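Trainee: I'm new to this one. Could you show me how to read it, one feature at a time?

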Amino acid sequence: MPPMTPDGPIGPGLGEGLPGDGRRPRRAAAPPPYVLTEDTPVYVISVAAELSGLHPQTLRQYDRLGLVCPDRTAGRGRRYSARDIQQLREVQRLSQDEGINLAGIKRIIELENQVTALQSRIAELADSLEGAATALQQREAAVHASYRRDLVPYQPPTPQSSALVVWRPKR
């Protein structure tokens, strides 16, 4: 007998059914409810410490100081993302190679985050401005299309003549 899962036996085709075995093929599995990105917290503190080259106690200290703030599980355990690991490496580089103290590093990180937020806002405003300009051009084109050109026929300008015209008012 094949191994069993809560959904049924595991066999050829992972439970999709074989031709002629009487079972209907299963639908394709739904995508996971989350997408693994650079910001997805997946690393426990020991793995994050190994990946960043720091001691786990150093990671705890950085968390207390607010230099790198990992997500927390329901049990309050720390979970680090790939972005957190990258930031830990940057903190280590600034501290060891550049000789910047932790308060200075914290300020640098705050300013970098502020710059990133402002750049995002600028991009958002530029998109909004572009949309408004497009809408304005469309409205302008609609107004120009609505002109009644048949009311005033266009006559090209005539060259200046040297004829003298005398006007006398009627009495």
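Mentor: Let's begin with contact, which means heavy atoms within 4.5 Å. We'll also need helices (H or I, at least four residues) and strands (E, at least two), which are DSSP runs numbered from the N terminus. Keep in mind that this is a predicted model, where local features need pLDDT of at least 70 and side-chain atom pairs count only at pLDDT 80 or more, while totals for chains, interfaces and linings use all residues. Residues are numbered from 1 along each chain as its sequence is written, and side-chain values use heavy atoms, with hydrogens and water left out.

Trainee: Which residues of α1 and α3 meet?

Mentor: On the α1 side they are A48, L51 and S52, and on the α3 side I85, L88, R89 and Q92. Sorted by class, that contact has four nonpolar residues, two polar and one charged. Here Ala, Val, Leu, Ile, Met, Phe, Trp, Tyr, Cys and Pro count as nonpolar, Asp, Glu, Lys and Arg as charged, and the others, Gly among them, as polar.

Trainee: How do I describe the way two helices pack?

Mentor: Two packed helices are described by the angle between their axes and the distance between the axes. The axes are lines fitted to C-alpha atoms, for helices over the stretch in contact, and angles run from 0 to 180 degrees between N-to-C directions. For α1 and α3, the angle is about 50° and the axes are 9 Å apart. That makes α1 oblique to α3; angles under 35 degrees count as roughly parallel, over 145 as roughly antiparallel, 65 to 115 as roughly perpendicular and the rest as oblique.

Trainee: At what angle do α1 and α2 pack?

Mentor: Helix α1 (residues 45-52) and helix α2 (residues 56-65) pack at about 100°, and their axes are 8 Å apart. So α1 and α2 are roughly perpendicular to each other. I45, A48, A49 and S52 of α1 make this contact with P56, L59 and R60 of α2. Its classes are five nonpolar residues, one polar and one charged.

Trainee: What about Q92: buried or exposed?

Mentor: The cut-offs are under 20% relative accessible area for buried and over 50% for exposed, with partly exposed in between (1.4 Å probe, protein chains only). Q92 lies in helix α3 and is buried, because its relative accessible area is 18%. Leaving aside neighbours within four places in sequence, Q92 touches S52, G53, L54 and D97.

Trainee: How many salt bridges are there?

Mentor: A salt bridge is a side-chain nitrogen of Lys or Arg within 4 Å of a carboxyl oxygen of Asp or Glu. By that rule there are eight. In one of them, the side chains of R83 and E38 meet at 2.9 Å, N to O. R83 is in helix α3 (residues 82-96) and E38 in the loop between β2 (8-9) and α1, so the pair ties together parts 45 residues apart in sequence. R83 is partly exposed, at 40% relative accessible area, and E38 is partly exposed at 39%.

Trainee: Where does D39 come in?

Mentor: D39 and R83 also form a salt bridge, at 2.4 Å, N to O. D39 sits in the loop between β2 and α1 and R83 in helix α3, 44 residues apart. D39 counts as partly exposed, with 43% relative accessibility. Another salt bridge joins the side chains of R78 and D63 (2.7 Å, N to O). R78 is in strand β4 (residues 78-79) and D63 in helix α2, 15 residues apart. Both R78 and D63 are buried. As for E38, D39 and R83, salt bridges that share partners join them into one network.
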